[in-house]
Amino acid sequence: MAKQFILKDQDHESYLITRRIYISAIIILLLVIMIISKIFYLTVLQHEHFTTLSKSNRIKIQPIPPIRGLIYSRDGIILAENKPTFSLVVTPEQIENVDEVVARLKKIISIDGADIERFESAFKAALNKKRRFENIPLRLNLKKEEVALFAVNRHRFPGVDVIAGLSRYYPLGEKLVHTIGYVARIDKDDVKQIDKAKYSGTNYIGKLGIEKSYESLLHGVAGYQQVEVNVEGRVIRVMDRTAPKPGANLHLTIDLALQQIAIDALEGRRGAIVAMDPRNGDVLTFASSPGYDPNKFVDGIDGKSYNALLASKDKPLINRILQGEYPPGSTIKPFMGLIGLDNGVRTLLDESWCPGWFSLKGHTHRYRDWKKQGHGHTGLHKAIMESCDVYFYALAHELGIDRIFAGLSAFGFGQVTGIDIGGEADGLLPSREWKRKVLDQAWFPGETLILGIGQGYALSTPMQLAKATASLANRGRVVRPRLVSGTSHPITNKVDMLPNMLEGQITVTDNTHWEAVINAMQEVVHGVGGTAWRSGLNAAYRFAGKTGTAQVIGIAQDEEYIEESIAEEFRDHALFIAFAPVASPEIAIAIIVENAGAGSKVAAPIARRMFDNFMSNRGLVSKG
Amino acid sequence: MKEFSLGQRLHIDFPLLFVILALCVIGLAVIYSAGGQDINLVYRQAIKLSIAIMGMLIIAQLPITEIARWSSCLYLFSIILLIVVIFYGDVGKGAQRWLDLKVFRFQPSEIVKLSVPIMIAYFLANKTLPPESSSVIAVCIIIAIPVLLIAKQPDLGTALLVAAAGFSVLFVAGISWRLLILMGILAAAATPILWYVMHDYQKRRVLFFLNPENDPLNAGYHIIQSKIAIGSGGLYGKGWLNGTQSRLEFLPERSTDFIFAVYCEEFGMLGVLLLLCIYLFIISRGLYIAINAQNNFGRLLASGLTLTFFVYIFVNMGMVIGQLPVVGVPLPLISHGGTSMVTLMAGFGVIMAIHRHKRFLSF
């Protein structure tokens, strides 16, 4: 009976179970359809979207920085090159605990505080930019031993690599820092100005000098490659590559032999020497002393060294040729003389009586001549040769400020020379308008007098003096100075010469005026009684010059300037301008040696040495 | 006396065996691709597969009555192992799951995946069906003890699968819809408690399942990369060994839990349809065996194990396509790994035993 009941129940129960199994099957089918429709949505409807995502996952565009152009001197000596360097880099994407990895790295490779500081800011920036794929330099310029040491420990540091790169190197160091300048790592300010696409992958940018002003030529054009990367950011294969175009090589106008003489002459002194070819504006010498080592700036100078440079009394960071503003002193006299002749205020025969001082009518103030006893009867020729102040006081007074301003402006005083590197100071050529505008005062006649001997408000840079001298040597032809004469293609070596920049011609009423002034300048060095007669002794060629002495402090009416009794930094600056050979000048020079006293003693002999070298290389100097 | 076919004499269900073998071959091919074309990985997996298949064939020889008779002992034994693992288990990935027997290591929770449905099937087969409330409560207790022990390890994925195995049997046994809905409500009410006991990484996974784009580099990363793999595979797939998401290692866990994404990327929508057809064949074969089983124990057990098999598939695929939170459930018979494979094969062995022994009793 009981068995019967169970059996009957079995049928019902098996029917129940079977029904539930069918229900389960239906549920399963519904769920499978749900899965299929979701997969259909992903694979068919959203296929393109996910294909794009998949590609952006694995395909990265890597910039290939171009190789920066090299810089050569006139004679083909390399002045800026690219040295292979090795840096230790970290890829954020592959690192979990950066501090821990850095701590372990420190045990095998020296990493200092400055490295860490730079690394951490770059690391944060990379994380913010979501460019976790890009590597970040931790240590630069690894030594060979360090590269080897890391290589054997490489397996312990996933996400850390040594990469080879090129780093700028200046073999001549401080000798040409004010000319070439330097490159340094691109900083925040640079980023605002550069085209990021062009500079992706580039680490360095020109900061100063040639490196800065010729940045666009030197940099070249970045290439790129499409690479397939894995999840760690490691490149699996290169898919497509566009080669970078290397930057152009630059050929400077600098003559290294002359540059070396100038540097030696300025050794241990503050000063500037600039020489240029008046015919085409080629700057042959461009020396500002003291200099500093540009190589320290390439990968970031440490704060201590930089502060030391900033704090130095000699101000090595100042480019004295372009930024040093000095009173031109007596070097302005040839130009004044020419303006006097040209305006008909003086003839060659007109003479002034020089008793050793000059006074304006109705005034008791005595404007002193450097020669206490005076020059006696003095014409233009003697006034330039002996650098008579009284002649020029009188001349300036008769010309008046307006004519002086116009005349000196033509020679470029008070204006930038337009040389092909930046940072030039204007200098100052005073005028009535200037004084009214800046000082809110009327022009006083006494100020005209001292302007006549290059003192007072007048300031000029050595570059301006050199350009004015070149214009004088050229008999009025004004040429813009330049440091780069041409470029060459890094692969084909095809040379492109840059054109000379002829700015214009200073016209005079009578061309004999040029010869009159130049002749007087020649007598400065070759004539008996010329202020720099010693410098012209036994020269195998003829050159013309003019000494100058720029006052640093005012000397009272009845006081005497005694060099030895004055602290060095208040002593006069020695100046000298010159060009050679007289008949058809090929080199014009401006020299300023700070606090060195009279121009004839210190500055003129330097010019002579440079001219000797320059002329001997032309084969014109006689032996002995 | 009726002539027995070869399959009947060997106690093997050949249709099931062939399809399982086909699936294993597909699995090995995908593992080769997902594992960075490491042939050693494939060898090791093939060895594990062979052992698991042999285990399946041995279990298929067991008389169904013996399985029923030992069900209580098996259940108690597995519970004891779960308790032991709490005190002596090895820690792997932050959870105590493994028991080291010197010769080999295994997870007691895998045994539970079988012992629970066997126990419940045995329990309910001796009751009147549909089960009364008291039986349902008893079944819930039978399920709850191992589930809580596993959840404590913590291994939420396995706990869910064990619970699913138990409730599959209960569902097939005809539990009333009213009770089913009531239990659903209770489960929903228990969710906050579950949230409270969940580990941080589990909570994060659930949160980022809800909004994966929130944190693309951490918790949501799995799902985003997996969707990219599936979507970029398209209709036809990128081809075997050509899946960039897996080859370039953007996909995490690509030879284990996320192997389905690799499969989708390389074989596309069409490959998915083929795979689902194979799975559906296995499921329908299992349910066919259940319907034709000799007794209620066989019916309940075969259908319960088959439904659990589907739950595996559904949870894994649902996770990979971003429909379910990330829980560590492998794709059955495809994913790399030994333990879950052995359990699955043992389950199929039980299903085969149910099928073949019926014939002996019914000639």
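User: Are α5(B) and α7(B) roughly parallel or roughly perpendicular to each other?

Analyst: In this predicted model, α5(B) and α7(B) are roughly parallel to each other, because their axes cross at roughly 20° and angles under 35 degrees count as roughly parallel.

User: Within what distance do the axes of these two helices come?

Analyst: The axes of α5(B), residues 108-125, and α7(B), residues 156-172, come within 9 Å.

User: Is the crossing of α5(B) and α7(B) left-handed or right-handed?

Analyst: The crossing of α5(B) and α7(B) is right-handed.

User: Which residues make the contact?

Analyst: On α5(B), they include V112(B), V116(B), I120(B) and L124(B). On α7(B), L161(B), V162(B), A165(B) and V169(B) are among them.

User: And what is the make-up of that contact by class?

Analyst: The contact of α5(B) with α7(B) has 11 nonpolar, four polar and one charged residues.

User: Changing topic to chain A: in what order do the three strands of the open sheet lie?

Analyst: The order in chain A is β1-β8-β9, with antiparallel pairing.

User: Which are the edge strands there?

Analyst: They are β1 (59-64) and β9 (235-242) of chain A, each of which pairs on one side only.

User: How many bridges join β1(A) and β8(A)?

Analyst: There are six bridges between β1(A) and β8(A), which spans residues 223-229. In one of the pairs, I59(A) has E228(A) of β8(A) as its bridge partner.

Technical notes
Residues numbered from 1 in each chain as written. Chains lettered and ligands numbered in written order. Predicted model: local features only at pLDDT ≥ 70, side-chain atom pairs only at ≥ 80, totals over all residues. Axes fitted to C-alpha atoms, helices over the stretch in contact; angles between N-to-C directions. Helix = DSSP H or I, 4+ residues; strand = E, 2+ residues; numbered from the N terminus. Parallel < 35°, antiparallel > 145°, perpendicular 65-115°, else oblique. Left-handed = near helix turned anticlockwise from the far one by under 90°. Contact = placed C-beta atoms within 7 Å. Nonpolar A, V, L, I, M, F, W, Y, C, P; charged D, E, K, R; others polar. Pairing = 2+ DSSP bridges.
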